[in-house]
Amino acid sequence: MADRTDIVEVEELSKNFGQLTAVDRVSFKVNGGEIFGFLGPNGAGKTTTINILCTLLRPTSGRALVNGYDVIKQRTQVRCSIGLVFQDPTLDEYLTAEQNLNFHAYAYGIPKDIRRKRMRELLELVELWDRRKNRVRTYSGGMKRRLEIARGLLHHPKVLFLDEPTLGLDPQTRRRIWDYILALRQQEELTIFLTTHYMDEAENCDRIAIIDYGRIVALDSPDKLKDNVGGDLVSLKAENTEAAIAELKESYHLEPVTENGMVTFNVPHGETFLPDFIRSFNSHLLSISVRRPTLDDVFIKLTGRAIREQEVGLRDQMRTMMKGHR
Amino acid sequence: MTAVFRGVWVIAYRELLRFVQERSRIVSSFAMPLLFLVIFGAGFNRIIGAVTPGVDFIQFMYPGIIAMTVLMNSVMSGLSVVWDREFGFLKEVLVAPLSRGGIVLGKAAGAATVAVAQGFILLILSPIVGVSLNPLLVIKLVPMLIILSLSLSGLGILVASRMRSQQGFQLIVQLIIFPLIFLSGIFFPVNNVPVWLEVLSKVNPLTYGVDAIRQLFLAGEAAATTGDFVFGVTVFGHTMSIAEDILIVAVFGVIVMLLAIWSFSRQE
C-alpha cells in the first residue's frame, strides 16, 4: 500500500461552461492507497472534476495537484502518473486487444521487456489473455471495460481514475469489475478515484465525497456518513404499541416514530444495542429488525431528495454542454 | 522533444495499422482518380489530341492523376481524427503524455505514407499511358509526393480539428476537394484560360504540386519533340521551376500544419 501522503490535492477548484457552474469551489484531498469515490447524480460535476484532474479540461479557477504535479503547468508528468477509464469506451475497436495495449505502451514509452510481462499479467487479471488476438469490435461491453482497466494500468500509474466504471453493465459484470478493482488495490500500490451514481458501489470506497450541483456536500467514510444520519434504524412491532412507546421514551430516552403500527427509532449501533434491549424490554415484542442507513438515506438527508429523482432539464443541458467541451 | 517524436511515431504507427486492416479504403482511394483517367482519357484523347507537341491528353493528365490520388488520401486523413473523436479513441490519445504537435504530425506522417504508397502504385500504369519511367525520375518523385501529401494532410487535419461528425467532415471535404481538383490544372493547362479561372487556379496550392510532378514526368517527352520546354505555371510572367513549385507547396504545408496544431491544441 502506498504511503498516506496526499496523492490528489484540490483547492477551490471551479469550472464554468458559460453561465453554468459545473464545479463550484471544490476542495478535497485523496490519500495514497485509498479508494476515493465521488457520488452524486448525473450532471453534478463528477466527470468535469475528473476531466480537470486528468488534464483534459482547464479549470476556470483554483488549483489541483495529482501525485504532486500541477494539472495545468505539469501536464505531462500528471499524464504519466494517472490511468483512466472513461464513461464511454475509448478503444480502437478495429484493432485487437493486444494492438490497443501496444499502442498505449508505445505512447507512454514503456520498455519492451516490461511491456510484454505487464501486458500478460494484466490481461490474465481481467481474464482476456485468451482473447488478446481478437478485434475489440467482437467484445461485449463488460469485456471492453475490463480491457480498458487493464490498459489504464499498463504504465504503472499512481492513481487510477474510473469514471462510472460500471455504467451500462449488467449486475453480474458489475460485480466482476468490482472484484478486479478490489483485487488491484491489494496487488498494486494504487490509489483509485472513481465516480458513481450507484449507492451500493459507493459502499466499497474508503471515503466518499458526495457532490451535488458542483459542490461537495459531505466527505467521509461510508460508515461515518451513515452515522451522521443518526445511527441504525430499529423497527419493532409490539403487542401494545402505546406501552412500548412510553417505555422507549422513559427508559431509553429515544424518540420513536410510529407508522402503520411499526415503531421506528435511531440508535448509534444497532447490532450491539439489540441483544440487551430484547432481554430487558418489558413490553411484549412481536417482531424487531435493524437496518443500517444506506447512502441513499445520507443523500436524502443532505440534499432533501433521492439521488435518482432529479429534474432532467438543467442537467441534460449541462451534460450536452460538457460533451461539447470534451 | 521525446514527447513529440514518440507522438509522431506512435500515431503514424496506428494510422498504418488501421489502413492495412481496412481493405475497402485501399481500393476506394484509387477508384476516383482511375475513373477520371480512364473516362476522361478515353473520351477526350481523340478530340483534344496533343495538348502540346509530343504530349497527348492522357499523358498530360497522368501526372495530375497521381497528384489527385495523393490529395484524396491525404485530405481523408482528417477523417480518422473525426472518427477517433466520435468513437472515443481520441481521448485515449489526448490523455497520453504526447505533445499535441506530435499527434498532428503523426497523423499527417501516417497519412502521407499511405498517400505516397498509393501514388506509387499508380506508376504501374505508366507504360499503358505511354510515359517512360526511369530510376532517377522515380527517386525525384519521392520527396515531391511526401511534401505534397504532408501539406494536404495538414489541410485535412485542420478541417477535422473541430468537426464532430464524419458526415459533416465528408461534406466539408467534398466542398474543398472538388474545387482544388478542378482548379489545379490536372485537366487543362492553366496558363491559357479565362482570367477568373486562371486567378483561381493560381491561388490553388495543388496547382503547383501538379505542375511539379508534370514537369518531372513530361519534360523529357515534350523536349524530345520540340526542344522547347512548355510546362510550368507562369505567375506574373515568371515560369515556375520544379523547385519553386515545391517551395510553394511546402510553404502552404507549413502554414496549414501550424494552424492545425494550433487548432488541435486549443480544444479541450
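**Close-up 1. Ile211(A) has Ile216(A) of strand E10(A) as its bridge partner.** The model is predicted, so local features need pLDDT of at least 70 and side-chain atom pairs pLDDT 80 or more, while totals for chains, interfaces and linings use all residues. Residues count from 1 along each chain as written, chains are lettered from A and ligands numbered from 1 in written order, and side-chain values use heavy atoms, without hydrogens or water. Strands E9(A) (residues 207-212) and E10(A) (residues 215-220) run antiparallel, joined by five bridges. Strands are DSSP runs of E, at least two residues, and helices runs of H or I, at least four, numbered from the N terminus; strands pair if DSSP finds at least two bridges between them. Two residues sit between the strands of this hairpin, and Tyr213(A) in the turn has a positive phi of about 50°.

**Close-up 2. E9(A) also pairs with strand E3 (residues 35-39) of chain A.** Here the sense is parallel, over four bridges. Leu39(A) stands opposite Ile210(A).

**Close-up 3. Both faces of E9(A) are covered.** Arg207(A), Ala209(A) and Ile211(A) lie on one side, with Ile208(A), Ile210(A) and Asp212(A) on the other. Six of the six residues are buried, so the strand is largely enclosed by the rest of the structure. Buried means under 20% relative accessible area (1.4 Å probe, protein chains only).

**Close-up 4. Helices H3 (residues 57-75) and H6 (residues 100-121) of chain B cross at roughly 155°, their axes coming within 8 Å.** That makes H3(B) roughly antiparallel to H6(B) (angles over 145 degrees). Axes are lines fitted to C-alpha atoms over the stretch in contact, with angles from 0 to 180 degrees between N-to-C directions.

Definitions and conventions:
Buried means under 20% relative accessible area, exposed over 50%, partly exposed in between (1.4 Å probe, protein chains only). Angles under 35 degrees count as roughly parallel, over 145 as roughly antiparallel, 65 to 115 as roughly perpendicular and the rest as oblique.
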